[in-house]
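Please open the model in your viewer and keep the selection tool at hand. We will go from stop to stop together.

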Amino acid sequence: MPAFPWKYQLSDHSCAIEAGDLLNKYTNCPGTPLQIEAVTDSTLRIHARTQKSFAVETAPSSTGTLQLVEAASGDSAETSVLVLATDSLRITIDDALHLQISSSDGTVLCSDYTGPLQEAESLTEEEIEQMRQEGHVVHAGDDACRFQITKKLFGDEAFYGLGDKTGFLNKIGYDYTMWNTDNPDPHVENPTFKALYKSIPFFIALRNDCVYGIFFDNHFKTNFDMGYSSTDYYSFGAADGELDYYFFYGDTIADIISQYTALTGRCPLPQLWTLGYHQSRWGYSSQQEVLDLAQNFIDNDLPCDVIHMDIDYMDNYKVFTVDKNRFPDLTALSDILHQKGIRLVTIIDPGTKVENGYHMYEEGIKNNYFAQTPDGEVYENVVWPGDSVFPDYTSSIVRNWWGSQTKFLLDQGISGIWNDMNEPASFRGPLPDDVVFPGDDMPRQHKEVHNVFGHLMAKATYEGIKKNSGKRPFVITRACYSGTQKYSTAWTGDNQSIWAHLKLSIPQLLNLGMSGMPFVGTDIGGFGSNTNPELLSRWIQASCFAPLFRNHCAKFSRCQEPWQFDKQTLDIYRTYVRLRYRFIPYLYDLFYEESRTGMPIIRPLVMHYQNDPEVRECNDEYLVGDRILVAPVTDQGVHVKVVYLPEGTWIDYWTKERISGGKYILRDAPIDVCPIYIKGDSIIPAWPQLDHIPDGGSEELILEYYPASADSSKYVHYQDNGADFAYEAGEYNLYRFRADKDGELSVSMEHEGYEHHYETLRVEVY
Ligand code: GLC
């Protein structure tokens, strides 16, 4: 055997490989060894990292055991091939540091690709210019990687995750860039739109007989070529920063998500009211207009829990101010609305107006809280308020300062904060790469901070609200990085009122859920351009179980509150909003499950029917938990839906017809029908008709029971005060219900720590 140019050092949990020049392409710190760590027996970390991660805030303490299977003996040796193993994985490393990871039964899961790479066609400057003149988007060299990991494609992969990218559920054959981008008009498919508002560099690879996941924890600009350039390999690479990726192995997609969220965190339990209906529009610009809006919900017999106030409530778009002419008494407005069961959420942008005498600007300037030019001047660009400066959220002092400002809004009765424009968006060209964020004595350039800017703003907001209110913070953000789920919900940013974007919303939300971001939604009805009755009706149907349930649209587009069209549209809208409210206890149970396991609230069919090849590419149906299947119509003029029902008995929610799954069916879907199916033998908790979510939830719980083949069914239900963190000290109830076909219910308590119990519990058998 030839001798190889590197040495290794093995300890219980990790193996450090000193490979000299071979490693230079992976690390910015010459001399840093490549570490292969067994975080657990099924999670590996492969890195040469010296810097802290923003996603994995507490470095995992490794519990997996790494054993030497094959190599020259001794702790330190020169060898030709090194084989290491945990209880469930086997890692083979060759002389050029190519890795192959197999399961312990010998199945090769993932292997570095060693063949030739496709050369990108080189175009002259003139050719590029000519193509651009005709309107083509040519990405010539913009995504250049400093280093790249290339993995073999075995030909049976389906890829899921990667945050909220465009395209279909399965990301095979796509090429994406992770660079948070304000793009108000995304095309449904790339290649021209490679980046959207969020960067979540995590994906799941489902193969015919195995599944694994990879999280590439690098927040510089990164690129994911999922078999776009070649059918022989896929790759991920970064423009800068260090090598650091995790490999997750398990039996199911759920196992992979659970491991990923164990590292990057899970979305904590939300306040109950946040699961209700939210109404928004860029343009609500006076106290009276907001009061009239709330009254319209009451007059039209429509449930509503939240109204969002966009940038027009501020004084000249200055954050943490209120325009006193248009909103003379925000506290009184919140009080009146609160009595009607409606809460207010206000938008906050990071761009802080340059204006002498404005407290945010002056305090920030005095204390050096803003990003700077390389020469040490405060960096300015333009956002809504005109000339603006950008807070340095990489500094814990700035985050505390920003978070403390939330008190100004909370004291006036505001219940949540919507963070926007935090890619960061800027109107006078993008922030240059070398803008400096001084941090806590750790200056970083914009090219390093860009993808975590929104994440850190969300963290600052979450921590501020938590401290100032003691409640579970409600934050919405547009920009994210891995781990943002701990601090914030997210919406998918600016879409358009077009059918293609309704269709896109389903894979987008499902992939976000599989990327660890469960509390997400799209702008119902579409943000830009004008919606219409049919599109709005189909959008409310498709979104009625979207975790974040908000209708929002742009100034200058047609108003799209549900009563703006005709009676039919209003009736349809009401039906689906009421359906949502009925199942809020089920959604809350799913949030409880998610907070413990990372399981998303809405899930692609492939998550529960992984071995059914028919659902790998199912783009237009989703499951709510594992018991409700929704198959929305997302095309204009279509009144019949081809629905795939996986194995088992499914019960048509509207007709109660029992259907055997494992096949496609044709379901009539006139404009007022969204096909919905309940899995046979399910119990689903429901509320009686309510117009608002009561503090502490409903006094009555209904258990909808759909018997199929079993004589009885069980269900575990979670209840707490739906508001604060008392549950962390055990103040919650866990009920175990058992219902039989006669409607007999037996209840036992798995945990009893919340003094409030239901006044009425009843079973409805369907
Ligand atoms: C951005 C947001 C949008 C908001 C608008 C005005 O476009 O994405 O939701 O309404 O800014 O604040």
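The tour below starts at the ligand, then visits a surface patch, a loop and several salt bridges.

Before you click, note that this is a predicted model, in which local features need pLDDT of at least 70, side-chain atom pairs count only at pLDDT 80 or more, and totals for chains, interfaces and linings use all residues. Residues are numbered from 1 along each chain as its sequence is written, and side-chain values use heavy atoms, with hydrogens and water left out.

**Stop 1: the ligand**

Which polar side-chain atoms lie by the ligand's oxygen atoms?

- Asp 310 has a side-chain N or O atom 2.5 Å from a ligand oxygen.
- Arg 478 places a polar side-chain atom 2.8 Å from an oxygen of the ligand.
- His 552 has a polar side-chain atom at 2.9 Å from a ligand oxygen.

**Stop 2: a nonpolar patch**

Next, select Val 640, Val 642, Tyr 664 and Leu 666, which form a nonpolar patch on the surface with about 390 Å² of accessible area together. Patch members have over 30% relative accessible area and no salt bridge; nonpolar side chains (Val, Leu, Ile, Met, Phe, Trp, Tyr) are joined within 5 Å, and like charges within 9 Å. Strand E37 (640-645) and strand E40 (663-668) each supply at least two of the patch residues. Strands (E, at least two residues) are DSSP runs numbered from the N terminus. Val 640 sits in strand E37, and is partly exposed because its relative accessible area is 38%, given that partly exposed lies between buried (under 20%) and exposed (over 50%), with a 1.4 Å probe and protein chains only.

**Stop 3: a loop aspartate**

Move to Asp 156, in the loop between strand E10 (147-152) and strand E11 (158-161). Buried or exposed? Asp 156 is buried, at 14% relative accessible area. Its side chain reaches the backbone nitrogen of Asn 208 at 3.2 Å.

**Stop 4: salt bridges**

Side chains of opposite charge can pair when their charged atoms come close. A salt bridge is a side-chain nitrogen of Lys or Arg within 4 Å of a carboxyl oxygen of Asp or Glu, and the structure holds 42 of them.

Start with Asp 323 and Arg 326, paired at 3.0 Å, N to O. Asp 323 is buried at 12% relative accessibility, while Arg 326 is partly exposed at 32%.

Then pick Glu 700 and Arg 762, whose closest N and O atoms are 2.7 Å apart. This pair links distant parts of the chain, 62 residues apart: Glu 700 in strand E43 (residues 700-706) and Arg 762 in strand E47 (residues 760-765).

Finally, select Asp 301, Lys 567, Asp 571, Arg 574, Arg 578 and Asp 691 to see a network of salt bridges.

Technical notes. A polar contact is a pair of N or O atoms within 3.5 Å; within protein, one must be able to donate a hydrogen and the other to accept it, and residues adjacent in sequence count only if both atoms are side-chain atoms. Accessible areas come from the Shrake-Rupley method with a 1.4 Å probe; for residues, only the protein chains shown count as cover. Helices (H or I, at least four residues) and strands (E, at least two) are DSSP runs, numbered from the N terminus.
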